[in-house]
Amino acid sequence: MKQSIPLSLSLSLNSSTNLPTPNSLLHYVQIITSSHIASFRHIIRKMGFRSSLAFVGRLVNELVSFVVFSALDLLDVFLCLVYKLADYAKEAEWKPCYCSSSSTNDMIASSGNILVSDGNNGRSKIVCLCSSSKLQLEDISDTLYCRSSIVSDISRATVEELRRKKVKRSATTTVTINSTIVQMLKGKIGGQQSHPVPRWSDCDCKTCTSWSSASRNSLYVHVQSPDDGSIPKEDVLFIHGFISSSAFWTETVFPNFSESARSKYRLLAVDLLGFSLYTLREHVDMIERVIEQHDVKSFHIVAHSLGSILALALAVKYPDSIKSLTLLAPPYFPVPKGEQGTQYVLRKVAPRRVWPLMAFGASLACWYEHISRTICLLICKNHRVWEFLFKFITRNRIKTFLMEGFFCHTHNAAWHTLHNIICGSADKIDGYLDTVRDRLDCNVTVIHGRKDEVLPVECSIAVKSRIPRANLKIIDNKDHITVIVGNQKSFARELEEIWNNTKQ
């Protein structure tokens, strides 16, 4: 008699580090065969009604997600070919992507500077980068070019099988190069302009191209000084989150500060735009220019979502200058021992699930380079049409500026920022938090909406456990956005209280 596959094994396939192999498809098929119906009935009888519904819901989500994302894996491969042909037709050259690696001829040859990866294990990995520039290896997240999927797993297994069938291999190490990273680093290492030229699939309007203009050597920063022209006593730096803009602060919190606060503080809100590889180091360096240009000596920081990572990096760099640190929905996922940090955070942020919808959207953005480019092509390139429709339909300035902030980001910006900062900082945040705990004497406040589906409230709880003195506030009935938007008046009062209670 054929032995059935345990239900627990079938349910755990998608939660493992590697996605299911083709044979794993049989596991899912066997779950719904008649041989398992009795097992399901037995389990449901032991569980309560609500627990049974939740169990069935999770199972359906697992099965549907497996089918949907397997199809999306194939679609992304197809779109890869489509965009290579389209790029060649539009720009007269083949454009590299993170799906493939080029031959060793694409090494950066100037001054012996190279970026290589060891291909013996079937995976790309950056090994060496010799450069006089500030860019370092850890700035580039391996999730850009190494994301496990059905297609990649099958391809890797096929390649390994073909290698085994070939004659005995020599002991020489196989070296491969990731073309996309090489292309972007050539300008940096060679001393050329590193500002990206808009692609045919990006919008070329003045608003969008201004962020990557070669004449810009610093971030755009919205500065609100005291209304009466007096010299401000303190500075406050606001850092927005992923695919957002300074308007996230200037349209919500800034107008709601009291007259007392407006006369005392100088408020600076930066726009995190205008880079090539969008690394953590690049973002921090550009914010430092803002600090220097505006002669900021000591300051408070207020940061949302992805901006919290930049806030922590700045706090570590300027431990004696930070007066208070306010983090809203920080993307902190403690990495278990033995796990690879970048890949672990990728799976937490983008779990490859169709439900909830936020998880589905995040998975599309994180896992699929070409599908996400298609979304940007349809939405961001035509943002003026979408903005007009949103303004006409909503008649609501707050909702409109939120969409405008989303529309102004190119695929290059969103893709690299997401991977190089959220995933790429996975192995750095523990050190940042420990430094804030041990070396900084400032007030630390962490705020999170209990209904946040983008980043779970456990992220802020984990920050609190790492920095015990931090003041953790979990707000009921608020999510990733409404923790501020719609709550701006009370949030402005809360910020003023935090700043007023700061040690002088």
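Predicted model: local features only at pLDDT ≥ 70, side-chain atom pairs only at ≥ 80, totals over all residues.
On the H11 side, the contact comes from Ile309, Leu312, Ala313, Ala315 and Val316, while H18 brings in Ile429, Tyr432, Leu433, Thr435 and Val436. Sorted by class, that contact between H11 and H18 holds nine nonpolar residues and one polar residue, with no charged ones.

Next comes the sheet. Seven strands make up an open sheet with mixed pairing, running in the order S4-S6-S5-S7-S8-S9-S10. Strand S4 (221-224) and strand S10 (471-475) sit at the edges with a single partner strand each, so one side of each has no neighbour in the sheet. On average, neighbouring strands here are turned by 15° against each other, direction ignored. Within the sheet, strand S7 (residues 299-304) pairs with strand S8 (residues 322-328) in the parallel sense, over six bridges. Ala303 stands opposite Leu327 of S8. H11 turns up again at this point: the helix packs on the sheet and touches strand S5 (234-239), S7 and S8, and the direction of H11 makes about 160° with that of S8.

With 43 residues at 1.5 Å a residue, H4 should span 63 Å, and the end C-alpha atoms are 59 Å apart, which agrees. Just after H4, Ala92 takes up a positive phi of about 65°.

Terms used. Residues numbered from 1 in each chain as written. Heavy atoms only, no water. Contact = heavy atoms within 4.5 Å. Helix = DSSP H or I, 4+ residues; strand = E, 2+ residues; numbered from the N terminus. Nonpolar A, V, L, I, M, F, W, Y, C, P; charged D, E, K, R; others polar. Expected span 1.5 Å × (residues − 1). Pairing = 2+ DSSP bridges. Axes fitted to C-alpha atoms, helices over the stretch in contact; angles between N-to-C directions.
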